[in-house]
2 protein chains.
Amino acid sequence: MATLIAPSNHSPQEDAESLRKAFEGWGTDERTVITILGHRNSHQIQQIRKAYEEIYQEDLIKRLESELKGDFEKAVYRWILEPADRDAVLANVALKSGKNYNVVVEIASILSPEELFNVRRAYIKRYKHSLEEDLATHTSGHLRQLLVGLVTAFRYVGDDVNARLAQSEADILHEAVKEKKGSQEEAVRILTTRSKAQLIATFNRYRETHGTSITKKLLEEGSDDFQKALYTTIRSFNDHVKYYEKVVRDAVKKVGTDEDALTRVIVSRAQHDLKAISDVYHKRNSVPFEHVVAKETSGDYKKLLLTLLGQED
Amino acid sequence: MATLIAPSNHSPQEDAESLRKAFEGWGTDERTVITILGHRNSHQIQQIRKAYEEIYQEDLIKRLESELKGDFEKAVYRWILEPADRDAVLANVALKSGKNYNVVVEIASILSPEELFNVRRAYIKRYKHSLEEDLATHTSGHLRQLLVGLVTAFRYVGDDVNARLAQSEADILHEAVKEKKGSQEEAVRILTTRSKAQLIATFNRYRETHGTSITKKLLEEGSDDFQKALYTTIRSFNDHVKYYEKVVRDAVKKVGTDEDALTRVIVSRAQHDLKAISDVYHKRNSVPFEHVVAKETSGDYKKLLLTLLGQED
């Protein structure tokens, strides 16, 4: 369930005018920015961007970038991009700013095949390179095979499962986790080509046959970038709500808080299943997610996140 | 240039009725089938299929399969499928019937990125598996990396070329052709991710630096399935008209003729650049392509091919 609270009817023109007023004069009226943009779904926001451009011959995003700053600006920017474009930006930033392959794995494993393809389209439009091209240039070996395979996949969507295949491929994954060369390549093949339903059946067979989950087993073994990416892939396919709970838990646990991760999960999921992620967080940590967000963040950034979390001011 | 001669206006309903009449009574009137279907472009044929289905509550393709036989039936079937669906079938048949990876390489290297993606969509719709899934299951090592990388690519389309990159990647390809392990993986990366314009610049740099074309060099070296697929990839990107000329030349040279290859090139290109392929054939072999086709084939199959080649009866 979504946490975003958006009215079913709004006037893009009036919203654009209110935003313009918020920019005018001395300083910016951030409260209005949050009240409007924090209460519109992505379709509505695209309409506002269009109306704003038509009325003022100005790009709303550029104007916001010049009006706002810091984590707040970053969060607003990410929130108001079209979802596919947002994911393209997140993937590109993650690749450039070091090696946060988790972001790429998330996008590839959690989105539907059609959504993932739209991200690739948006990526090429923005950067004039393909996502797989940039990924492949910066990685090698099994890690490259896994990451490139994940983002380029266009998987079958359906509930059909081949039970015998699930068993044999659970065994292959078991071998791979023990780090045998040949079977790692097979693990990559399985994770990058099988349908989600088939993969979940395979993970279940693994647990039944080997008495432990494959992710637990992966944690016990080494943890190079490839193993970490394998781990994230499997968790994302298996139960992405639980996976995201872990991401935000780690983000707020850090001294200084990982704002990028926090922003990413909230803006990406506010319109989808942030309620479920928030509930799992509450249950696991015995404290409401909103309370932790309120405690670890501040200012307009905090207000925006809480608004997206459905906390009325 | 196309060889297909199709009227700019036709009535799908009248065409459907004429086809129905051709099926009725004792035996099939193959001449009518050829006269109609051999003179309609793929968009028009899809309209005829739809009209036929609406009027007679019968699938035109199934009816044709029961009415026709042999190479003629196969060629009609391939010709009247939607192009993306046809390529999905060609790829699947090639994979099943042994190891004709050339067909897969062709599709992946010659189609535009959007067209290739449509083939993947059609493949999944038809087989409930992804094309890369079936490919990966039947291959391994560098061959798998190359084939899966080719079909899953969604490349940047544009003329922008990075000249420095072309030079450094020409050198990497040179190393790879000499069969060094590490650089083969890099060769796969280059061929599966770079844009067509960038690849052609790279092949040109190769020729200038090493005094010979990379394909010639590949021919001199070993010829396992991987090397063969590399060769086909490079030829298809470099100049697919010349590549297809070679395919049909080999097809008619064989004792017994390779009808599958001949049909594939003619039905795939009749609407696009079969005239250019035919011209290159004529120039290289000093005999018109149509004459060879007429000599090597017979019956209704021959009539259909010649019709698609623009030879009025």
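Q: How many residue pairs are in polar contact between chain A and chain B?
A: In this predicted model, the pairs counted between chain A and chain B are those in which both residues have pLDDT 80 or more. Salt bridges between the two chains are counted as well, and they number 6. For polar contact, the count between chain A and chain B is 13 residue pairs.

Q: Which helix of chain A gives the most residues to the side that touches chain B?
A: On the side of chain A that touches chain B, at least two residues each come from α8 (113-127), α9 (131-138), α10 (141-152) and α12 (181-193). With 5 residues, the helix that gives the most to this side is α8(A).

Q: Which residue of chain B meets the side chain of E114(A) in a salt bridge?
A: A salt bridge pairs a side-chain nitrogen of Lys or Arg with a carboxyl oxygen of Asp or Glu within 4 Å. The side chain of E114(A) has such a partner in chain B, with 2.4 Å from N to O, and that partner is R121(B).

Q: What relation do chain A and chain B have?
A: Chain A is superposed on chain B, with an RMSD of 0.0 Å, by a rotation of 180 degrees and a shift of 0.0 Å along the axis. Of the C-alpha atoms in chain A, the one nearest this axis belongs to T152(A), at 2.7 Å. The same surface serves both copies, since 100% of the contact residues of chain A recur in chain B. Because the rotation is 180 degrees with 0.0 Å of shift, the relation is that of a two-fold axis.

Definitions and conventions. Residues numbered from 1 in each chain as written. Chains lettered and ligands numbered in written order. Predicted model: local features only at pLDDT ≥ 70, side-chain atom pairs only at ≥ 80, totals over all residues. Heavy atoms only, no water. Polar contact = N/O pair within 3.5 Å; in protein donor to acceptor, adjacent residues only side chain to side chain. Helix = DSSP H or I, 4+ residues; strand = E, 2+ residues; numbered from the N terminus. Least-squares fit on C-alpha atoms with pLDDT ≥ 70 in both. Contact = heavy atoms within 4.5 Å.
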